[in-house]
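Subject: Handover of a structure and a summary of what was found

Dear colleague,

Please find below the structure that I am passing on to you. A summary of the findings follows it.

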Amino acid sequence: MALEIVAGRELAPYVGKSLYTLTLIIAVVLAGLSLGHWVGGVIADRSARPDRWVAAALSGAALAAGVSLVLRRLVDPVVSGTDPVGQAGALALAGCFAPSAVAGLLAPLLSKLAVEASVRVRRGR
């Protein structure tokens with residue numbers, strides 16, 4: 001949710017605050033989270049040590065957030081002058097998809113770690 005609020009404020013100078021802009025931001029963030037949850041689930045299912053992936057996902061989310069600011073500035077001149085909805089969509093995609101996808105990796109990884117810890121506690125290890 002914080003990413004959506006920040007993205008709305010970041011895109012406002014370029015495309016304004018409108019229902020289209022906020023809807024596109026929410027759609028892009030949800031798409032990124034969905035992809036991240038799916039990939040994170042595959043990693044958690046196949047990895048013997050999902051705890052190693054948690055630190056990588058946190059670092060990756062921070063890196064993706066920084067890169068997305070630069071990517072948004074690179075995409076803006078390319079889509080400037082197009083229709084406002086297309087411009088808002090391209091900027092939202094450039095600025096929000098990668099951070100939300102990488103952040104989405106965390107939920108399945110942490111869920112698997114919590115289940116494994118619960119099983120160890122019940123077995124008395």
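The expected span of a helix is 1.5 Å times one less than its number of residues. Helices here are DSSP runs of H or I with at least four residues, strands are runs of E with at least two, and both are numbered from the N terminus. This is a predicted model, in which local features need pLDDT of at least 70 and side-chain atom pairs count only at pLDDT 80 or more, while totals for chains, interfaces and linings use all residues. Residues are numbered from 1 along each chain as its sequence is written, and side-chain values use heavy atoms, with hydrogens and water left out.

Helices and their spans

For α5, which has 18 residues, the rule of 1.5 Å a residue gives 26 Å, and the end C-alpha atoms are 26 Å apart, so the two values agree. Helix α5 covers residues 106–123. Helix α3 (residues 51–79) consists of 29 residues and reaches 40 Å from its first C-alpha to its last, close to the expected 42 Å. Helix α2, at residues 19–46, has 28 residues and reaches 41 Å between its first and last C-alpha, close to the expected 40 Å.

Buried residues and what covers them

In what follows, buried means under 20% relative accessible area, exposed means over 50%, and partly exposed lies in between (1.4 Å probe, protein chains only). Contact means heavy atoms within 4.5 Å.

In α2, the buried residues are T21, I25, V28, V29, G32, G36, G40, I43 and A44. Their cover includes α1, α3, α4 and α5. In α3, V54, A57, A61, A64, S68, R72, V75, D76 and V79 are buried, and the cover there includes α1 (2–15), α4 and α5. The buried residues of α5 are L106, P108 and L109, with α2, α3 and α4 included in what covers them.

Individual residues

S100 belongs to helix α4 (residues 84–104). S100 counts as buried because its relative accessible area is 2%. Its side chain reaches the backbone oxygen of F97 at 3.0 Å. Setting aside neighbours within four places in sequence, S100 is in contact with L3, V28, V29, G32 and L33.

R72 is found in helix α3. With 3% relative accessibility, R72 counts as buried. Beyond its neighbours within four places in sequence, R72 is in contact with E10, L11, Y14, L91 and A94.

I43 lies in α2 and is buried, its relative accessible area being 16%. Apart from neighbours within four places in sequence, I43 is in contact with W53, L105 and L109. The C-alpha atoms of I43 and W53, 10 residues apart along the chain, are separated by 8.3 Å.

Three further residues are not buried. L63, in helix α3, counts as exposed because its relative accessibility is 60%. The C-alpha atoms of L63 and V102 are 39 residues apart along the chain and separated by 9.5 Å. I26, in α2, is partly exposed at 38% relative accessibility. A98, in helix α4, is likewise partly exposed, at 35% relative accessibility. Between the C-alpha atoms of A98 and W38, 60 residues apart along the chain, the separation is 14 Å.

The largest pocket

A volume is the space filled by probe spheres set on the points, which are joined across faces, edges and corners.

How much space lies in the largest pocket? The figure is about 160 Å³. Its lining comprises 14 residues, of which L3, E10, S68, L69 and G95 lie nearest the centre. The elements giving two or more residues to this lining are α1, α3 and α4. By class, the lining has 10 nonpolar, 2 polar and 2 charged residues. In this scheme Ala, Val, Leu, Ile, Met, Phe, Trp, Tyr, Cys and Pro count as nonpolar, Asp, Glu, Lys and Arg as charged, and the others, Gly among them, as polar.

Yours sincerely

How values were computed:
A polar contact is a pair of N or O atoms within 3.5 Å; within protein, one must be able to donate a hydrogen and the other to accept it, and residues adjacent in sequence count only if both atoms are side-chain atoms. On a 1 Å grid over the protein atoms alone, a cavity is a set of points where a 1.4 Å probe fits but cannot get out, and a pocket is an open set with protein on both sides within 12 Å along at least five of seven lines; lining residues have an atom within 4 Å of a point.
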